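Please read it alongside the sequence and the coordinates.

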Amino acid sequence: MKHRIVAEYDSIWAIKDGYPVSEGHHLILPKRHASDWFSISERERRDADALIRILKNRLSESDSTITGFNIGMNCGESAGQTIFHAHIHLIPR
């Protein structure tokens with residue numbers, strides 16, 4: 001897993017999605033195990049928000065064709081979650 005890390009902000013890592021929806025699709029995830037968004041701490045939420053903004057700026061600066069982003073997560077099997085470690089999708093469009 002460590003070899004996949006492309007960015008880090010305190011309690012959070014970012015990796016490129018293994019099955020990207022678009023070029024630049026990243027997953028933002030806490031370093032400690034938490035099963036979903038509702039299990040992460042307030043600090044992890046703040047760190048995730050900061051890293052999402054950093055990645056958004058990096059992606060926008062490197063690719064002028066990006067005109068928007070999707071930010072999302074699935075919490076629970078019935079919501080489509082298949083990996084039970086909290087993660088946030090950042091998808092450039």
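## The largest cavity

The largest cavity has a volume of about 40 Å³, where a volume is the space filled by probe spheres set on grid points that are joined across faces, edges and corners. The model is a predicted one, in which local features need pLDDT of at least 70 and side-chain atom pairs count only at pLDDT 80 or more, while totals for chains, interfaces and linings use all residues. Residues are numbered from 1 along each chain as its sequence is written, and side-chain values use heavy atoms, with hydrogens and water left out.

On a 1 Å grid over the protein atoms alone, a cavity is a set of points where a 1.4 Å probe fits but cannot get out, whereas a pocket is an open set with protein on both sides within 12 Å along at least five of seven lines; lining residues have an atom within 4 Å of a point. The structure holds one cavity of 30 Å³ or more. Among the residues that line the largest cavity are Ile12, Trp37, Ala48 and His87, and the largest share of this lining, three residues, comes from strand 3 (residues 26-30). The lining divides into nine nonpolar residues, one polar and no charged, with Ala, Val, Leu, Ile, Met, Phe, Trp, Tyr, Cys and Pro counted as nonpolar, Asp, Glu, Lys and Arg as charged, and the others, Gly among them, as polar.

## The largest pocket

The volume of the largest pocket is about 340 Å³. Of the 16 residues that line this pocket, the closest to its centre are Asp17, Leu27, Ile83, His87 and His89. Its lining is made up of six nonpolar, eight polar and two charged residues.

## Strands and their pairing

Helices (H or I, at least four residues) and strands (E, at least two) are DSSP runs numbered from the N terminus, and two strands pair if DSSP finds at least two bridges between them. Strand 1 (residues 5-9) and strand 2 (residues 12-16) are paired in the antiparallel sense over four bridges, with isoleucine 15 in strand 2 as the bridge partner of isoleucine 5. Two residues lie between the strands of this hairpin, in which aspartate 10 takes a positive phi near 50 degrees.

Strand 2 also runs antiparallel to strand 3, to which five bridges join it; here the bridge partner of tryptophan 13 is leucine 29 in strand 3. Four of the five residues of strand 2 are buried, so this strand is largely enclosed by the rest of the structure, where buried means under 20% relative accessible area, exposed over 50%, and partly exposed in between (1.4 Å probe, protein chains only).

## Individual residues

Glycine 24, found in the loop between strand 2 and strand 3, is buried, with a relative accessible area of 12%. Its C-alpha atom is separated by 15 Å from that of glycine 72, 48 residues apart along the chain.

Glutamate 61, by contrast, has its place in helix 1 (residues 42-62) and is exposed, with a relative accessible area of 72%. The C-alpha atoms of glutamate 61 and isoleucine 88, which are 27 residues apart along the chain, are separated by 21 Å.
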